[in-house]
Amino acid sequence: MNHIIATEKLNLFYNDFHALKDINMKMRANTVTALIGPSGCGKSTYLRLFNRMNDLIDGVKITGDVRVEGKDIYEKNTDVVDLRRKVGMVFQKPNPFPKTIFENVAYGLRVNGINDNGFIKDKVEQSLVQSALWDEVKDKMNKSAFELSGGQQQRLCIARALAIEPSIILMDEPASALDPISTAKIEELIYELKQNYTIVIVTHNMQQAARVSDHTAFFYLGELIEYGETKEIFTNPKDKKTQNYITGRFG
Amino acid sequence: MDWPKKSERNKNLKQIIAFTSFKLLSYAVVMILFLILAQIVFKGFSVISWEFLTAMPEDGMTKGGIFPAIVGTFYLVLGSMIFAFPIGVLSAIYINEYTKDSFYKRFIKLMTNSLAGIPSIVFGLFGMTLFVNTLGFGDSILAGSLTLGLLTLPVVIRTTEEALKSVDDSFRHGGYALGATKLQTIRRVVLPIAFPNIITGLILSIGRVSGETAPILFTVAAYFLPKLPSGIFDQVMALPYHLYVISTSGTNVAESQPIAYGTALVLIMIVLLVNIAANTLRRYLGKKVKMN
């Protein structure tokens, strides 16, 4: 099984609104897939399928298949909590908990029943090193996470997600609230993380999609218009709508 | 094109009139509050002494202190909070975190809000029927505390609900995304953030409970009882009721008037202190939550 994520004939409704239409898409492990498209096109909704965050919204109905590591995650006996351990998520706005830097990263371990303090300490350090934040915070682990800058907070949220060793990381416009330098750091980080994780990223920034992703999917009005190698999509789009969007003619 | 100047002047004049009247009205409110406080402080201050706070009433409540009333009010506040705080907070968690927007949720909210609108004397009657007579607690701290607890329950529920609502959903989503269960997210993320505001609600309801007279009238309050209670089935004196008694139906209303003002002053000071404590605690906890 090469495809770590796959959807087949996937339809999603918000009450009567048909938000995703017949989406067929497969993603390989250890790649970065960018989801692009104008606001309201369904790309964030599509992203939130894979850790079932859409469950939190009233009136969502789903038909079709969503497979993560080969398993249908919308099957009745799916353990959602377990799924979310495997599929981490980074949100648009950095959302660290009002706890210390250390406790933010340790949180995922603690809620998953790990009490071994030595292990937690090592894992926190390892995750912060991985998210390229360690050098900046190692002397203030007991300070509030709110004392960090926005960019640092976002890397803290990435560290928090990494600590529970997911195989997939979903990123919902992770850099849209950050300044250019912080954005560059996040992008570098995505490139590094690709070695060990599969990343799906929603972005409004065309350059960012072009820089960080291996594959790009263009969504429009709930439909998957075009999906392929990022290079291909940005240099030689097959669909007129894709071309218009990436050249900034609409959206 | 020339702008007509007259209407411009009118506009300014209207502004001045409006703001001046708003200002005067708000000053008037402050003035009334100030007058009430001044009168009580002025008339009550002279009787306040260590003895007044720690001695039993004497000579048909025209002399001596108000110690049993202070102790009684303390027990009633404590008892009602032990009852109302856990039930109220847990109900609010259920309403805000577990129920989805539905007819059922709106029904619960309507009922709790209606509960808040019931006159306190009705709570007194209800408490007398249920706790004093049916359950056989008699006139007792237990019956009074439960009645006061019922009265304050909607306040606790509503303030807790508001506190939970003010916790941004991004914190909850962050918790779920890390594989936390709903209960873990509520306990480890939502409650610590909401805690300072929940505590504020609790303390404000203490202020309210300590001043209520009607609910304790038929359930616990003693007209004159110059000894301290020895258990939860004893009656007690309480500050607001004591104030009522010595102002209207004491042995010598005119002679005990200074004591009435002294009692009022003590009551007001307690409520004031509780409010100050609420604010200090909220500020302190607010800082602490960010730290941990």
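This is a predicted model: local features need pLDDT of at least 70, side-chain atom pairs count only at pLDDT 80 or more; totals for chains, interfaces and linings use all residues.
Residues are numbered from 1 along each chain as its sequence is written, while chains are lettered from A and ligands numbered from 1 in the order in which they are written.

Chain B comes with eleven helices and two strands, where helices (H or I, at least four residues) and strands (E, at least two) are DSSP runs numbered from the N terminus. Read from the N terminus, the order is α-α-β-β-α-α-α-α-α-α-α-α-α. The C-alpha trace of chain B spans about 80 × 65 × 40 Å along its principal axes. Its radius of gyration is 24 Å, whereas a compact globule of 292 residues would sit near 19 Å; the radius is taken over C-alpha atoms, and the globule rule is 2.2 Å times the number of residues to the power 0.38. Some 39% of the 292 residues of chain B count as buried, meaning that 20 or more other C-beta atoms, placed from the backbone, lie within 10 Å of the residue's own.

Chain B splits into domain 1 (5–46) and domain 2 (51–291), with bounds from an automatic or database domain assignment. The two domain centres, taken over C-alpha atoms, are 33 Å apart. Six residues of domain 1 of chain B and six of domain 2 of chain B make the contact, with two residues in contact if their C-beta atoms, placed from the backbone, lie within 7 Å.

Between the chains, the contact takes 19 residues from chain B and 24 from chain A. On the chain B side, helix 7 (169–177), helix 8 (182–211) and helix 11 (257–291) each give two or more residues, and helix 7 of chain B has the largest share, at six residues.

Over in chain A, helix 3 (residues 101–111) is largely enclosed by the rest of the structure, because nine of its eleven residues are buried. Among them are A:I101, A:E103, A:Y107 and A:V111. The buried residues of helix 3 of chain A pack against helix 4 (117–130), helix 5 (134–137) and helix 6 (150–162) of chain A, together with helix 8 of chain B. Just after helix 3 of chain A comes A:G113, with a positive phi of about 85°.

Conventions:
A residue is buried if 20 or more other C-beta atoms lie within 10 Å of its own, exposed if 12 or fewer, and partly exposed in between; C-beta atoms are placed from the backbone.
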